Amino acid sequence: MGELGEWRHLCVDMQRMFAEDTPWHVPWMARISPQIEELAGRHPAQTIFTRFLPPEHADDMPGKWRDYYQKWWMMTGEHLPRGLIDLASSLASLVPPARHFDKRTYSPWIDGRLHPILQSERVDTLVITGGETDVCVLATTLGAIDLGYRVIVLRDAVCSGADDTHDASLELLHDRFSVQLELMETEEFLSEVG
């Protein structure tokens with residue numbers, strides 16, 4: 001793996017609205033939760049949980065996001081029970097010392113708040129887990145690569161609702177970004193950091 005610098009575990013959108021019975025349910029989430037619980041449980045102070053926050057109303061969002069939430073109206077704040085934006089119950093108890101980072105888009109980088117936080121902590125490596133591999137995880141990973149971070153994606157700790165695009169996303173990341181990104185199993189990473 002090479003020398004591991006100052007790292008953070010960026011766990012993407014492991015929220016009740018994806019874990020429970022909603023239109024956005026991701027069945028695989030249950031399969032990857034043990035790996036995420038193990039990593040975050042051993043290293044809570046290094047863990048940042050992103051949370052995808054739908055708007056209160058579709059019209060609160062710009063451009064095509066408005067259309068998106070007109071389609072998914074039942075997932076807007078006016079219809080979605082508030083508690084469903086929370087982390088999955090198995091992870092919620094880790095905050096603090098783990099942290100939340102709330103975002104309105106697939107990528108946590110768009111509004112410009114996360115990168116300065118990580119830079120102030122001298123972070124150079126991001127270990128990425130969560131869901132979905134082909135949406136928010138992909139956006140998070142590509143943004144991290146663009147910003148110059150060393151990126152480690154734990155392949156057994158990311159999930160999607162679609163097997164084909166999950167597999168294709170991991171293949172894309174491995175084949176096209178091999179200098180900037182490593183794919184690894186959770187146990188392999190934990191054996192390096194303890």
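**Terms and their grounds**

Guide: In this predicted model, helix H6 (residues 136-146) lies across strand S1 (7-12), S3, strand S4 (125-131), S5 and S6, and runs at about 170 degrees to S4.

Visitor: Why are strand S3 and strand S6 called edge strands?

Guide: The open sheet has 6 strands in the order S3-S2-S1-S4-S5-S6, with parallel pairing. Strand S3 (99-103) and strand S6 (181-184) each pair on one side only. From one strand to the next, the twist averages 25 degrees.

Visitor: How do you know that Trp24 and Phe52 form an aromatic pair, and why is the pair called tilted?

Guide: The whole structure holds 14 aromatic pairs. The ring centres of Trp24 and Phe52 are 6.0 Å apart, and the limit for a pair is 6.5 Å, so the two rings count as a pair. Their planes stand at 55 degrees; stacked requires under 30 and edge-to-face over 60, so the pair is tilted. Trp24 lies in the loop between helix H1 (16-19) and helix H2 (29-42), and Phe52 in strand S2 (residues 47-52), so the pair ties together parts 28 residues apart in sequence.

Visitor: Which residues are closest to the centre of the largest pocket?

Guide: The largest pocket has a volume of about 290 Å³. Of its 16 lining residues, Phe18, Trp24, Tyr68, Glu132 and Val135 are the closest to the centre.

Terms used:
Residues are numbered from 1 along each chain as its sequence is written. This is a predicted model: local features need pLDDT of at least 70, side-chain atom pairs count only at pLDDT 80 or more; totals for chains, interfaces and linings use all residues. Side-chain values use heavy atoms; hydrogens and water are left out. On a 1 Å grid over the protein atoms alone, a cavity is a set of points where a 1.4 Å probe fits but cannot get out, and a pocket is an open set with protein on both sides within 12 Å along at least five of seven lines; lining residues have an atom within 4 Å of a point. Grid points are joined across faces, edges and corners, and a volume is the space filled by probe spheres set on the points. Two strands pair if DSSP finds at least two bridges between them. Helices (H or I, at least four residues) and strands (E, at least two) are DSSP runs, numbered from the N terminus. Axes are lines fitted to C-alpha atoms, for helices over the stretch in contact, and angles run from 0 to 180 degrees between N-to-C directions. Contact means heavy atoms within 4.5 Å.
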